[in-house]
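The following note sets out some points on the packing in this model. Please read each of them against the coordinates.

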Amino acid sequence: MTTLMTVLGVVVFAVGLLISIAWHELGHLSTAKLFGIRVPQYMVGFGPTIWSRKNGDTEYGIKAIPLGGYIRMIGMFPPGDDGKITARSTSPWRGMIEDARSAAFEELQPGDETRLFYTRKPWKRVIVMFAGPFMNLVLAVALFLAVLMGFGINSQTTTVSSVSDCVISQSAASAGKTTCAAHDPASPAKTAGLKAGDRITAFDGRPITSWSQLQGDIRATTGAATITVERGGRSLELHADLIKNQVAKTDGYGNYVEGQYVTAGFLGFTPAQGIVKQSFDDSLNRMGGMVSTATRSLVDLPERVPGLWRSAFDGAPRQPDSPMGVVGAARVGGEVFSLNIPPEQRVATMLMLVAGFNLSLFLFNMLPLLPLDGGHIAGALWEALKRNLARVFRRPDPGPFDVAKMMPVAYVVAGLFLSFTVLVLIADVVNPVKIT
């Protein structure tokens, strides 16, 4: 049964991956057609075509390897300086440029002169190239909200799990101090009579709806405070005298920052964990934290290469936050469906996995590097800047920015990405990230 559920999880993730790719390319396709650009192909996957159908002047299809997708737009790059595709050159760099330019005009037909990508205004080209990543962002936000607000996630609640006997600073607790010394004062929570199982419903008369709200109220308070709790079906009012103490710093989204502390109000209890549906505001805060974490991970990607290499070839432990490829994410999807948790939580965790994948696709594609969408966006913005400056200073129109001249750089970037992808694939196979 476990094997069957694992295979099912891999299949479900693969379907989610295909939908995410198709959704991304649909953003490019719809906006390209909106602006009158001819699109000969819309394909999900790479390699041999396993199904296709032509509708209008676009061939829609699915290919055998579900590791990406693409649309082909006519005239992605402008002609050479003479208005034509430049003649072949013995220079390998020039050859790359000319190959890219030739491919852009490969399927040119009579009447396409007015349907070329490069002839559209820069702002239209920005919209076409941004639409793909934006679709991934929309899907990520929709899935995150569906899980956070509809299913709920395992998080801290307003129910008391345990009460501290005394006041111990967070740094001392992190260093291993777990028992009270004779001179340590009793915690305000213990003195007030707070007990494990109490559910805090109000703080100083203000109703409490979430742990993040309660945590903020406690940290902002020193001195006398009234705590309303629900205990055994009855509502009780407890009176505590909060003190200042050293507590873990949070990042603004409710997550603790490791090794950093602040002085704030202290009550002295540990909240219980549970599946909690998040409010819209809390969901936005959590998503903000996810975006911040994902952005930092993307920036730190080069620093992860040595660790990945050691995990792939030296047997070093794979870190939980190590970069994963499609294969690694599919394995995690299989693990999710084999977990001994309620079915709805399996579904919620899988949706979070697919949402995280879409968020990563958005951030990665926005890098201002060819052949990524962000590279084409950067080229269109640079062209707009040059043309506006020429207009202001009454100089001749510099014409379209020749993105094809950047193809040698694009090949280098693509080579680096391919090498990194292969390294991640090897690590995912021989030393995968596991959630159990």
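**Notes on packing**

1. Ala 427 is placed in helix α12; helices (H or I, at least four residues) and strands (E, at least two) are DSSP runs, numbered from the N terminus. Ala 427 is buried, as its relative accessible area is 0% (buried means under 20% relative accessible area, exposed over 50%, partly exposed in between, with a 1.4 Å probe and protein chains only).

2. The model is predicted: local features need pLDDT of at least 70, side-chain atom pairs count only at pLDDT 80 or more, and totals for chains, interfaces and linings use all residues. Residues are numbered from 1 along each chain as its sequence is written, and side-chain values use heavy atoms, with hydrogens and water left out.

3. Leaving aside residues up to four places away in sequence, Ala 427 touches Leu 308, Ala 312, Arg 318 and Pro 432 (contact means heavy atoms within 4.5 Å). From Ala 427 to Leu 308 the C-alpha to C-alpha separation is 6.6 Å, although 119 residues separate them in sequence.

4. Ala 146 belongs to helix α3. With a relative accessibility of 35%, Ala 146 counts as partly exposed. Ala 146 and Leu 351 lie 205 residues apart in sequence, and their C-alpha atoms are 8.6 Å apart in space.

5. The largest nonpolar core comprises 26 residues, and Met 73, Phe 117 and Val 128 have the most contacts inside it. Such a core is a set of buried Ala, Val, Leu, Ile, Met, Phe, Trp, Tyr and Cys residues joined through side-chain atoms within 4.5 Å. At least two residues of this core come from each of α1 (2-34), β1 (41-55), α3 (122-151), α10, α11 (373-392) and α12 (407-430). The most are given by α1, with four residues.

6. Phe 117 touches Ile 37, Met 73, Ile 74, Gly 75, Met 76, Arg 125, Val 128 and Met 129, residues up to four places away in sequence not being counted. A second, separate core has 24 residues, including Leu 143, Phe 144, Met 350 and Ala 355.

7. Helix α7 (residues 280-299) and helix α10 (residues 343-365) have axes that come within 10 Å and cross at roughly 55 degrees. The residues in contact are Met 290, Val 291, Ala 294, Thr 295 and Leu 298 in α7, and Met 352, Leu 359, Leu 363 and Phe 364 in α10.

Definitions and conventions: Axes are lines fitted to C-alpha atoms, for helices over the stretch in contact, and angles run from 0 to 180 degrees between N-to-C directions.
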